[in-house]
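Work through the exercises below with the sequence and the 3D structure at hand. Try each task before reading its solution.

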Amino acid sequence: MRPYNTSKIPAWHGFANSMLEAISDGRKPPLDPETEAQIAAEVAGLWAMTPAEASVSPEEAEAMAAANEDLLAADSNGNTLPDLPVDIPLTLMCARVAQAIGSSRSVSDLTRPGAVTVLQIADSADLPMLSDVVRNGMISKRIRVSQTLQRALREKAVHCISLFRGESVDTSPKAAIARIEDALALRPALIVLLSDPMLLPKHLREVLPEPIRLPSLTQEAVLFALSKSHSRTGRVDRKKILALLPEGQILAQLSKVQLFRAFREPTTLRVAQDLSKGTVITATDRLLELEGSGALYTVARQIVADMTAFKNGTLPWSEVPH
């Protein structure tokens with residue numbers, strides 16, 4: 001019977017879990033340090049063994065392990081998959097937001113009157129889901145969240161504005177920029193969601209804070225998602241899964257099709273194995289197929305290098321030439 005190591009589980013797992021539950025249940029529990037600490041403890045697990053390990057013989061446990069099954073994820077009957085399917089994109093988004101924000105204590109700072117925050121995500125197609133997580137999962141039910149400007153408010157509120165290129169006038173960058181400018185003159189906290197800082201005109205980039213960038217897909221985000229999608233106990237065998245998962249840089253560059261196809265596998269370890277098979281074609285690879293070595297070619301390679309560093313979080317946007 002093997003003890004479950006809770007020391008390696010990041011604290012943000014509890015925060016991600018609380019956001020996911022708030023959205024899935026259609027209600028928003030108050031996010032406070034005490035509630036989050038309780039959720040984090042439940043997510044980490046307080047038992048010395050899993051039901052499966054407690055009920056099977058050492059020989060049966062060895063056979064399950066040899067069959068690439070995750071004992072930590074199995075109940076007393078050896079079942080691992082939950083009764084109801086899990087929304088994988090939403091679960092991964094909650095994990096990424098939790099990694100970027102950290103905890104409910106940070107949310108309190110972001111939602112205080114006068115606070116201004118910019119959240120950036122790499123793929124503009126993910127902005128609607130990011131908005132859903134921020135509005136319905138991250139911010140406490142005690143705070144009113146509005147996408148339209150409210151000048152006379154009798155309660156604590158947050159203005160949340162998404163900046164993206166939509167088909168209608170209301171979702172055009174020009175309309176969103178006008179709302180951001182007007183919101184800066186009002187007292188409620190302002191949260192701006194965007195995919196590309198260059199959508200902001202220079203005069204706004206100069207006054208808005210440096211964006212908080214949501215990390216790309218990480219091994220920890222995958223582990224969190226697997227604890228929801230492929231576990232009856234809320235726990236997974238971290239050591240075995242990490243041994244199979246590709247490095248973070250490779251995970252971050254896998255296509256959504258590759259990612260979601262892998263999560264269709266029946267067990268945590270098979271998901272990890274499938275993710276490790278993913279092939280990555282980067283912009284740099286395609287650039288190397290070009291002929292020539294002139295000045296434009298050199299500039300193009302530098303642009304790709306800078307944008308890759310920015311995407312990986314090793315170069316702040318302020319240092320990217322533009």
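The model is predicted: local features need pLDDT of at least 70, side-chain atom pairs count only at pLDDT 80 or more, and totals for chains, interfaces and linings use all residues. Residues are numbered from 1 along each chain as its sequence is written, and side-chain values use heavy atoms, leaving out hydrogens and water.

**Exercise 1.** Find how many aromatic pairs there are.

Solution. Rings of Phe, Tyr and Trp (its six-membered ring) pair if their centres lie within 6.5 Å; planes under 30 degrees apart are stacked, over 60 edge-to-face, and the rest tilted. The count is one aromatic pair. Trp 12 and Phe 224 form this pair, with 6.2 Å from centre to centre and 55° between the planes, so by the rule the pair is tilted. Trp 12 lies in helix 1 (residues 12-24) and Phe 224 in helix 10 (residues 219-229), so the pair ties together parts 212 residues apart in sequence. Helices here are DSSP runs of H or I with at least four residues, and strands are E runs of at least two, numbered from the N terminus.

**Exercise 2.** Count the disulfides.

Solution. A disulfide needs two cysteine sulfur atoms within 2.5 Å. The count is zero. Cys 94 is buried at 0% relative accessibility, and Cys 160 is buried at 1%.

Technical notes. Buried < 20%, exposed > 50% of the residue type's maximum accessible area, 1.4 Å probe, protein only.
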